[in-house]
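I will begin with the overall fold and then turn to charged side chains and backbone angles.

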Amino acid sequence: QVQLVESGGGLVQAGGSLRLSCAASRNIVPMGWYRQATGRHRELVARIDSIERTSYADSVKGRFTISRDNAKNTVYLQMNSLNVEDTAVYYCNAVSFGLHYWGTGTLLTVSS
């Protein structure tokens, strides 16, 4: 059984902060966050690899931080200085043997 469960989304004011969590079953390792806004394609937000190297989309660089707790097999996305443009459904992602796995998403809404 492969399972990815996102949590932590909600409604926040512009300029505020929020932390998303992705809890994964033990047979898979989450390594990325994606998001999809209404009418947009799903886009990569942040990645973290097995040796803690990270990468970010230009639109979130300097505001978002991805991290991992190996003991809990959980990946986090700390989001600061949120903008209305960050409003989207955020998805946790993992890749295993060439296949992509996804959670069902958590909604972030940023109000002006």
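From the N terminus on, the elements run β-β-β-β-β-β-β-β-β-β-β. The chain thus has 11 strands and zero helices, where helices (H or I, at least four residues) and strands (E, at least two) are DSSP runs numbered from the N terminus. The radius of gyration is 13 Å, close to the 13 Å of the globule rule for 112 residues, so the chain is as compact as a globular protein of that length. That radius is taken over C-alpha atoms, and the rule is 2.2 Å times the number of residues to the power 0.38.

A word on the basis of these values. This is a predicted model, in which local features need pLDDT of at least 70 and side-chain atom pairs count only at pLDDT 80 or more, while totals for chains, interfaces and linings use all residues. Residues are numbered from 1 along each chain as its sequence is written, and side-chain values use heavy atoms, with hydrogens and water left out.

The C-alpha trace spans about 40 × 25 × 20 Å along its principal axes. Of the 112 residues, 39% are buried; buried means under 20% relative accessible area, exposed means over 50%, and partly exposed lies in between (1.4 Å probe, protein chains only). Among contacts with a separation of 6 or more, 53% join residues 24 or more positions apart, a contact being heavy atoms within 4.5 Å.

How many salt bridges does a search of the whole structure find? The search finds six, a salt bridge being a side-chain nitrogen of Lys or Arg within 4 Å of a carboxyl oxygen of Asp or Glu. In general, side chains of opposite charge can pair when their charged atoms come close.

Let us take the pair of Arg53 and Asp49, whose side chains meet in a salt bridge at 2.6 Å, N to O. Arg53 counts as exposed, at 56% relative accessibility, whereas Asp49 is buried, at 18%.

Next, Arg68 and Glu52 form a salt bridge, also given as 2.6 Å from N to O. Arg68 lies in strand E7 (residues 64-69) and Glu52 in the loop between strand E5 (43-48) and strand E6 (54-56), so this pair ties together parts that are 16 residues apart in sequence. Arg68 counts as buried, at 15% relative accessibility, and Glu52 as partly exposed, at 40%.

A further salt bridge joins Asp86 and Arg63, with the closest N and O atoms 2.8 Å apart. This pair links distant parts of the chain, 23 residues apart: Asp86 is in the loop between strand E8 (74-79) and strand E9 (88-96), and Arg63 is in the loop between E6 and E7. Which side of the cut-off do these two residues fall on, buried or exposed? Both Asp86 and Arg63 are buried. They also belong to a network of salt bridges that links Arg35, Glu43, Arg63 and Asp86.

I close with the backbone. Most residues other than glycine have a negative phi. Glu52, already mentioned for its salt bridge with Arg68, has a positive phi near 70°. Ser81 also has a positive phi, of about 50°, although it is not a glycine. Ser81 lies in the loop between E8 and E9 and counts as partly exposed, at 40% relative accessibility.
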